[in-house]
Amino acid sequence: MEISDGRRTSEHLLAHPGAQRVPTPRLEMFIVRNFLDQAACAELIALIEADRRPSTIADANGDAYFRTSETCDLSHDIPIVGAVDDRLSALAGIPTQFGEPLQGQRYAEGQEFKSHTDYFEPHGADYERYCSVAGQRTWTFMVYLNAPEAGGATRFKVIDKTIQPEPGKLVCWNNRRPDLSVNPATLHHGMKVRRGVKYVITKWFRERPWGWEPTA
Ligand SMILES: O=C(O)CCC(=O)C(=O)O
Ligand SMILES: [Fe+2]
C-alpha cells in the first residue's frame, strides 16, 4: 500500500522561491504570497458563486453556528481547477491521488468557522467513517482568493499567529508532528467576516490515495 506521510513536504516548500516558514517550533507552517494571480482568483470565485451549498463538519458538536459558511466542490476536470490542483500537489511534493478534491469556501458577512483542527480525532466517533479508506489528513493547503473589506482572518491561537487574507496568498501546515501524532497546536479559527465576502480554496492531503484518478 502506497503511503504519503507528509514528512518531506517541508523540504519541498523550502525549495520553493517565495515560501516563508512561519517561525514557531510547534508546527510546520508556511506562507506563499501571490501563489495565484488575480485572473485565477477571479475565475475560482466565479465557480464558487455559481455552485455553493451549506458547509458541513465531521464530528458534529451540536453548535449550529460552528461553521456557517458555504462550500463548493471544485472538479479537477474544469481547466482552472485542474491547473491549480496540480500546482498545489507539486508545491506539496505529494502526488495528486493523495488529495481530497479541491473545495471552495464562501463566507458572507457574519459567517465564520470556529476554532477547530483539520485532522480527524483518532479516537473520535467519526474516525472510521472519514478515514477508513484514505487515512488521516496530513497537510492542509489553503489559498485566499480575495481580501474581505473587514474581518475574515485565520487565527491560530496556540501559536498566537493571525493570518490576514490577501488575494492569492497561500498558507499551509502539517496537521501532524514529526512522530506522526496529530498536532493540537494547529487549532485555527476562520474568524467572522465583518464586511464584504471572503473566498478561499482548501486542499487536504491524506495518508493513502483518495480513490479517484484525475482524468488529465
Ligand atoms: O477560512 C479560513 O480562514 C479557515 C478555513 C478552514 O479552517 C477550513 O476550511 O478548514
Ligand atoms: Fe480548518
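Which exposed residues does the face of helix 2 turned away from its buried side carry? In this predicted model, that face holds Gln38, Ala39, Ala46 and Ala50. Helix 2 runs from residue 38 to 50 and has 13 residues. From first C-alpha to last it reaches 18 Å, close to the 18 Å expected at 1.5 Å a residue.

The buried residues of helix 2 are Cys41, Leu44 and Ile48. They lie on the same side of the helix because they cover an arc of only 70° around the axis. An α-helix has 3.6 residues a turn, so residues three or four places apart point the same way. The packing partners of this buried set are strand 4 (70–73), helix 3 (79–92), strand 5 (103–107) and strand 14 (198–206).

Helix 2 also contributes to the largest nonpolar core, which has 35 residues. At least two core residues come from each of strand 2 (29–32), helix 2, helix 3, strand 7 (137–144), strand 11 (170–174) and strand 14. Val143, Leu145, Cys172 and Ile201 have the most contacts inside the core. Beyond its neighbours within four places in sequence, Cys172 is in contact with Phe30, Trp139, Thr140, Phe141 and Met142.

The shell around ligand 1 consists of Gln105, Phe113, Asp118, Thr154, His188, Gly190, Val200 and Thr202.

How values were computed. Residues numbered from 1 in each chain as written. Chains lettered and ligands numbered in written order. Predicted model: local features only at pLDDT ≥ 70, side-chain atom pairs only at ≥ 80, totals over all residues. Helix = DSSP H or I, 4+ residues; strand = E, 2+ residues; numbered from the N terminus. Expected span 1.5 Å × (residues − 1). Buried ≥ 20, exposed ≤ 12 C-beta atoms within 10 Å, placed from the backbone. Arc of directions from axis to C-beta. Contact = placed C-beta atoms within 7 Å. Near = placed C-beta within 6 Å. Core = buried A, V, L, I, M, F, W, Y, C linked by C-beta atoms within 7 Å.
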